[in-house]
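Please keep the sequence and the model in view while reading.

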Amino acid sequence: MEKVIVNSYEDFEKLVGQQIGISDYVEITQERINLFADATSDHQWIHVDVERARAESPFKSTIVHGYLTLSMLPYLWNQIIEVNNLKMMINYGMEKMRFGQAVLSGQRIRLNAQLQSLANLRGVAKAEIKFSIDIEGERKKALEGVAVFLYYFNN
């Protein structure tokens, strides 16, 4: 899918209710999981102990931290949309976020996003993006929710 280009509030407004795009798949490697564990000090064995997970986990594999899955959102978002003419963009919040299925080490995920709503807050574009993180080959979503971003366009 071709990257969507947005240069103004009016460009964004045309996308309300539409799918913005679907990113490419990205593999979540054990190395990435370990680095995230180091960054967050979350070294729970279900994430980092490959041998123990193989023997004791119901998944028979280490699993990706839920917050690592969530943290992939900006990277995947940038694959499907380019918003230009900005002073800045701020992550404002998450709504109705649910983890539906664990992502196993080595699986590939992608973002599917649609613009649910857009509001003009005194010159700031408040975009509510309904999203899902899909796991390649799986029917159930890894993560679903609504990401809220504030876009400060240049005048």
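## Overall architecture

The structure is a predicted model. Its chain contains 6 helices and 8 strands. Read from the N terminus, these elements follow the order β-α-β-β-α-α-α-α-α-β-β-β-β-β. The C-alpha trace spans about 55 × 30 × 25 Å along its principal axes.

Contacts between residues at least 6 apart in sequence show how the chain is brought together: 70% of them join residues at least 24 apart.

The chain has 155 residues, of which 38% count as buried.

## The largest nonpolar core

The largest nonpolar core comprises 38 residues. Those that touch the most other members are F12, W77, I81, I109, L111, I129 and Y151. Strand β7, covering residues 124-135, provides the largest share of this core, with 6 residues.

Leaving aside residues up to four places away in sequence, I81 touches K3, V4, V6, F12 and I20. One of these partners, F12, is also listed among the core residues that touch the most other members.

## S23, a residue in a loop

S23 lies in the loop between β2 (19-22) and β3 (26-27). Is S23 buried or exposed? Its relative accessibility is 6%, and therefore S23 counts as buried, the cut-off being under 20%.

The side chain of S23 reaches the backbone nitrogen of L111 at a distance of 2.8 Å. When residues up to four places away in sequence are not counted, S23 touches L76, Q79, I80, R110 and L111.

## Q107, a residue in another loop

Q107 is placed in the loop that runs between β5 (86-99) and β6 (108-121). Because its relative accessibility is 16%, Q107 counts as buried.

Which backbone atom does the side chain of Q107 reach? The side chain of Q107 extends to the backbone nitrogen of L104, at 2.8 Å. Beyond residues up to four places away in sequence, Q107 touches V26, E27, I28, A102, I135 and E138.

Technical notes. Residues numbered from 1 in each chain as written. Predicted model: local features only at pLDDT ≥ 70, side-chain atom pairs only at ≥ 80, totals over all residues. Heavy atoms only, no water. Helix = DSSP H or I, 4+ residues; strand = E, 2+ residues; numbered from the N terminus. Buried < 20%, exposed > 50% of the residue type's maximum accessible area, 1.4 Å probe, protein only. Polar contact = N/O pair within 3.5 Å; in protein donor to acceptor, adjacent residues only side chain to side chain. Contact = heavy atoms within 4.5 Å. Core = buried A, V, L, I, M, F, W, Y, C linked by side-chain atoms within 4.5 Å.
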